[in-house]
Amino acid sequence: MPPRPSVVAESIEDRVFAALSSPVRREVLRLLRDGGPQPAGVLAAHFAMARPSFSEHLRVLRDAGLVSERKEGRQRLYRLEPVPLAEVQEWLTPYERFWRERMAALGDVLDRMEDA
Amino acid sequence: MTEDLTTIEVDQFYPHPPGKVWRALTEPELIAQWLMPGDFRLQVGHRYTMQSRPVAASGFSGLVEAEVLAFETEKLLRLGWRDAAGGDADWTITWTLQPEGHGTRLFLLHEGFDPDDPLQRQAHTIMNGGWRTGVPKALAKLLDRV
């Protein structure tokens, strides 16, 4: 299985993996997964760091498409976006992808075969 | 992703009877059309080689040394797969056929993945050495629960 050649897909993957390389950012994803959408301030309270540093972590997660931001009143509400994680999972399971492709090809062979 | 990182399970329904699916799994000219060419023979202990695409991320060369380990006509076919070019792969591939309505559900069980090795190597490729060893597992667990 050759790696996916698309330059665009590569740069998105790069961003997702870079975003996931930080324990702080992984913890933010866990908090959003377990607690649902939350204001930035509530998330920030879990970490002993200056607010601008934490905002930078949120920016990296946003740029990777792992979280989205929505304004609600005076707050910015953050939520987990599962799609990039699903793509990462696919990246981590090339063999599963291999078999899904092969089994789809098997279906084509069966469709072409004579009923005997 | 399943919890167990040492196996892969995939299943698929085909609107064709088990006898027909069995032929596609066991006749060399048909196998070549969907998997890879090889000198397959339905006989326990028979060994043959097949050339597949390499998986660079995990060090699999793509050259498979296969052996028929067991079979039960139209029900089960178990194969051993080794990396013939010296890679670490030492897998068991089990096909199970189950009649479902007018068709067949085909189950694939791919066993024998080293839970640490391939993932770690993939992780190194992914992260250019920037990550520590525990991260891929932590990531897999995170993905499991999301």
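**View 1. The β5(B)–β6(B) hairpin.** Two residues separate β5(B) from β6(B) in this hairpin, and B:Gly101 in the turn has a positive phi of about 60 degrees. The model is predicted. β5(B) pairs with strand β6 (residues 103–111) of chain B in the antiparallel sense. Nine bridges hold the pairing. Across it, B:Trp95 stands opposite B:Leu108 in β6(B).

View 2. Strand β4 (residues 76–83) of chain B runs antiparallel to strand β5 (residues 90–100) of chain B. Seven bridges join the two. B:Gly80 stands opposite B:Thr92 in β5(B). Six residues lie between the strands of this hairpin. There, B:Gly86 takes a positive phi near 90 degrees.

**View 3. An edge-to-face pair in chain B.** Over all chains, a search of the whole structure finds five aromatic pairs. In one of them, the ring centres of B:Phe40 and B:Tyr48 are 5.5 Å apart. Their planes meet at 85 degrees, so the pair is edge-to-face; the cut-off for that class is over 60 degrees. B:Phe40 is buried, at 5% relative accessible area. B:Tyr48 is buried too, at 6%.

**View 4. A tryptophan cluster with members from chains A and B.** A:Trp99, B:Trp34, B:Trp81 and B:Trp95 form one aromatic cluster. Its member B:Trp95 is the residue that stands opposite B:Leu108 in View 1.

Methods
Residues numbered from 1 in each chain as written. Chains lettered and ligands numbered in written order. Predicted model: local features only at pLDDT ≥ 70, side-chain atom pairs only at ≥ 80, totals over all residues. Heavy atoms only, no water. Phe/Tyr/Trp six-rings, centres within 6.5 Å; stacked < 30°, edge-to-face > 60°. Buried < 20%, exposed > 50% of the residue type's maximum accessible area, 1.4 Å probe, protein only. Pairing = 2+ DSSP bridges. Helix = DSSP H or I, 4+ residues; strand = E, 2+ residues; numbered from the N terminus.
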